[in-house]
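Here are some notes for a colleague who is opening this structure for the first time. Please read them with the sequence and the model side by side.

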Amino acid sequence: MNRILSQDEIDALVNPGTNSQVARDDEPRTMANASDGVISYNFRRPDRVSKEQLRSLHFLHDRFARNLSTSLSAFLRAMTNVSMLSVEQFTYSEFLMSLPDPTAFYSVAMPPLDGLGALEINPTVAFAMVDRMLGGTGDSPAPNRALTEIEQNVMDSVVKLILEHLTETWRAITDVRFRIQGRETRPTMLQVTGPNEGIILLAFDIAVGEGRGMLSISIPAAAIETMEEKVAEGWNRTRRQPSASEAARLQVNLGRVPLPVKTLLETRMSAREVLALQTGDVVVLPQAASSPVEIQIGGVRRFNGRLACDDYGKSAVTIEQAIGEVAAVGV
């Protein structure tokens, strides 16, 4: 039923801060100041992925970067270095605005996940790769133009190699297969997703010879949300434990490595007393025979021990407790 608002209700709507009786305490608040413990929320750039998941993605793709460096070096026959820079949340429009135009831009399908991803290789690096694959040195400055159709066909083989490594890396999370869906030299001409859709941007620094630039990979935030705990646990699943045969081989091989073991018995003597020492002299130590002594292995303090003496008068050290963790060796 329609009714006319009273003057008090109109004043409350115009100046909501002057009348606290309009909103009840048990109703959800939509606006509040910082003193109420409420922070502002940006609906144009929502944080849809947790920080824990972002850290897992960073660790996961750091391994991807190391493996890709090796493969690209062999594929291009040139020293190539790929390093992980950041994992951040953006909207797709913000991602597009950060890209150069023209550039090497690809839309990436991710079956069985819904949506499309995107991959961009900076023109400086793209032209260096093309030059290497066509017999050049890769050190020539990048021309100020878009890639030709032939050059894009050459770049396709590099992108396929990148996506193969990305597929292998993501097997720790889910069985997703990355493949090229489309390509363009102008990013705005290739439809990937809506401008306000959230994405996870993986940024890498890539250097080929003298050329250096960015490799950017965007993944829909909705795809990350559907996997929930799998993303957070993905990094732990990539840390493979050695098998029984590998552990035995490590034990045999590491058992052959000699390590200096030292027992530290500290004393203070003047330089005159040290110079006067002769064979058979007895040096008094400022500690009881039952007090613990420090044992170093390879120059690192590892154990505490105590002095002991056998039936033949030979001194020895008995290990009492460990004071440090021995570094684990992975395969």
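1. Contact, as the word is used in these notes, means that heavy atoms lie within 4.5 Å. The model is a predicted one, and the points below should be read with that in mind.

2. Strand β5, which covers residues 198–208, contains Ala-207. Once its neighbours within four places in sequence are set aside, Ala-207 is in contact with Met-79, Thr-80, Asn-81 and Arg-212. Ala-207 has a relative accessible area of 8% and is therefore buried, since buried means under 20% relative accessible area. How far apart in space are Ala-207 and Ser-83, C-alpha to C-alpha? The distance between them is 9.0 Å, although Ala-207 and Ser-83 are 124 residues apart in sequence.

3. His-165 belongs to helix α5, which is made up of residues 149–170. Is His-165 buried or exposed? His-165 counts as buried because its relative accessibility is 17%. If its neighbours within four places in sequence are again left aside, the residues in contact with His-165 are Phe-64, Asn-67, Leu-68 and Ser-71.

4. Val-14 lies in helix α1, which takes in residues 7–14. With 59% relative accessibility, Val-14 counts as exposed, because exposed means over 50% relative accessible area. Together with Ile-10 and Leu-13, Val-14 forms a nonpolar patch on the surface, and the accessible area of Ile-10, Leu-13 and Val-14 together is about 290 Å².

How values were computed: Residues are numbered from 1 along each chain as its sequence is written. This is a predicted model: local features need pLDDT of at least 70, side-chain atom pairs count only at pLDDT 80 or more; totals for chains, interfaces and linings use all residues. Side-chain values use heavy atoms; hydrogens and water are left out. Helices (H or I, at least four residues) and strands (E, at least two) are DSSP runs, numbered from the N terminus. Buried means under 20% relative accessible area, exposed over 50%, partly exposed in between (1.4 Å probe, protein chains only). Patches are made of residues with over 30% relative accessible area and no salt bridge: like charges are joined within 9 Å, nonpolar side chains (Val, Leu, Ile, Met, Phe, Trp, Tyr) within 5 Å. Accessible areas come from the Shrake-Rupley method with a 1.4 Å probe; for residues, only the protein chains shown count as cover. A salt bridge is a side-chain nitrogen of Lys or Arg within 4 Å of a carboxyl oxygen of Asp or Glu.
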